[in-house]
Amino acid sequence: MRLNDWQRELEAYLLGSDPTANPALRASLLGSSALSAEQGLAIYHNAYRARLLEALRGDYPAVHGWLGDAEFDALAGAYIAAHPSQHFSLRWLGAGLADFIDAYLVPAQAAPLGELARLEWAFGLAFDAAEADALSLEQMADLPAEDWPNLQVRLLPSVQWQLCRYNSLALWRANKAQDAFPGSLALEQPQVCLIWRQGLISQYRSLQPDEAEALHGMAVAGWNFAELCVQLSELGDNAPLQAATWLRQWLCDGLLQRYGG
Amino acid sequence: MSAESSSLGYGLGLRTPYYQAILEQRPAVDWFEIISENYLVEGGKPLYYLDAIGEHYPLVMHGVSLSIGGPHELDRDYLQRLKRLAQRVQPQWISDHLCWSRGNAHQLHDLLPLPFTEESLQHVAARVRQVQEVLERPLVLENVSSYLRSADDQFSEWQFLAALSELSGCELLLDVNNVYVSARNHGFEPWDFISGLPAQRIRQLHLAGHSDYGSYLIDTHDQPVSDPVWQLYQRTLRHLGPVATLLERDDHYPPLEDLLGELEQARAHAAVALQEYQPCA
């Protein structure tokens, strides 16, 4: 058999669910008294699934813990079958799991589980995102007063913005602490959870809706500091103080980089 | 430069559980081998520790995704990223495996064996030359443990490696454990393999453990080195002289002290073996 044909046969065998090889592939192999060709094929067939499942379990420990081994492996197996790996690194194997969950499960199950999966993936993205210089309190202290109104900032590359409609963060925390999982609950009000890396340490924090709106306005929509104050004008004279308080918190958290001037 | 004169000594595979202990203890390890793909990321802990450990130890880059024997086009993006990582790491050399890990359509994430045929040889040799042009250095290729053997083989694995090295200029990473595992599984003499390789092309040795499934072995890299592999290692050194030796552990990570102890065993076995090494005049 030509090399390319043989590789095509073996690839199809590894990706397929049937551990029995077709006659052409079987006939292309020699067994030994120690290891038959069937045993050898089965070793690779099993290893393919085991390796990919292990990667997904590693990337989604809370989803795994929530579902248990059997249900997680069924979900992950269906995902792998539908989306065989395209990236050279297993680091990216699980990139589409949350979207897959959305379509694979009934909506009542998919919504909370998909959200938990997105939250876990966001932690992974924060973990090895690109470095960038965080804007510091010291740098801000040195900013001339006339530059404040036009100050613009952006989120650092590691910052992940997750809108949670369920208590996914509580599930994630319970799994991390190896506590019993709380029941899945819809939140009374959707909540933004930020996940980012400060130095080498992963951080997360839930934002109240007004803080989330302000941060989104400044760091995503591109408001400058003066515009933020205008947006907070219903606070009256307290608007600049609230804006400065939040900005100080975001700088302490290490969320922002300077944008433009 | 011969492999002997460039021997780095005795190294360990750099793995995440040991990062902090390595920086704190600065163990007496001559060098570390990294899994290249673990550092093809944008930032964070992996690159931080890579830089910090690289300040104190020589590094070697060892990849698992090149798929040098694959049916697909070589991944130019991967190669460029590997090259950028090499600029950062300044590795002593760059290795991967004589295998394929990607098929026509998908990544298979395994070190799959090739048929040892003339067609495979020409296919792999041409691709090695392309990789070496990009990386601007010889590629070092490792023999894998295998559980399949093609009925179409025209060469033994060692004849194939020797011919590949001759055709492409690549160097060899001889994994002594993989030789032992494949020899048991396929029923050949491990010494035929090792003595059949071009000694001057062997840049590095690997040592690792395997799991015994009765009649056959699986290369799990999660056990201490077995006695027969130590014996084969000693015989290899008596034949080759000093060669950079790396102890690999990829799962069931013991405390760093245990791995350092096993590395000391390697040094001790090597010291005995090298007393009997007679360099060619």
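Helix H5 (residues 69-82) and helix H6 (residues 97-104) of chain A pack at an angle of about 105°, and their axes are 11 Å apart. Axes here are lines fitted to C-alpha atoms, for helices over the stretch in contact, with angles running from 0 to 180 degrees between N-to-C directions. Helices (H or I, at least four residues) and strands (E, at least two) are DSSP runs, numbered from the N terminus.

This is a predicted model, in which local features need pLDDT of at least 70 and side-chain atom pairs count only at pLDDT 80 or more, whereas totals for chains, interfaces and linings use all residues. Residues are numbered from 1 along each chain as its sequence is written, and chains are lettered from A and ligands numbered from 1 in the order in which they are written.

Leu75(A), Ala78(A), Tyr79(A) and Ala82(A) of H5(A) meet Leu97(A), Phe100(A) and Tyr104(A) of H6(A); two residues are in contact if their C-beta atoms, placed from the backbone, lie within 7 Å. By class, this helix contact has seven nonpolar, no polar and no charged residues. Ala, Val, Leu, Ile, Met, Phe, Trp, Tyr, Cys and Pro count as nonpolar, Asp, Glu, Lys and Arg as charged, and the others, Gly among them, as polar.

An unreviewed UniProt entry annotates residues 6-101 of chain A as "domain: Putative DNA-binding"; such positions follow the numbering used here, feature names are shortened, and annotations may be inferred rather than shown by experiment. The span of residues 6-101 of chain A is 67% helix and 0% strand, and its end C-alpha atoms lie 34 Å apart.

Chain A is assigned domain 1 (1-61 + 72-95) and domain 2 (105-261), with bounds from an automatic or database domain assignment. Four residues of domain 1 of chain A and five residues of domain 2 of chain A make up the contact. On the domain 1 side, these are two nonpolar, one polar and one charged. The C-alpha centres of the two domains of chain A lie 41 Å apart.

Turning to the sheets, chain A has an open sheet of three strands in the order S2-S3-S4, with antiparallel pairing; strands pair if DSSP finds at least two bridges between them. Strand S2 (160-166) and S4 of chain A are the edge strands, each pairing on one side only, and the twist averages 25° from one strand to the next. Strand S3 (residues 186-198) and strand S4 (residues 201-207) of chain A are joined by seven bridges, with Val192(A) opposite Leu207(A). The hairpin formed by S3(A) and S4(A) has two residues between the strands, and Gly199(A) in the turn has a positive phi of about 65°.

Chain B holds a closed barrel of eight strands, S1-S2-S3-S4-S7-S8-S9-S12, with parallel pairing. Neighbouring strands of this sheet are turned by 30° against each other on average, direction ignored.

Finally, the contact between the chains takes 41 residues from chain B and 42 residues from chain A. On the chain B side, S6(B) gives the largest share, five residues.
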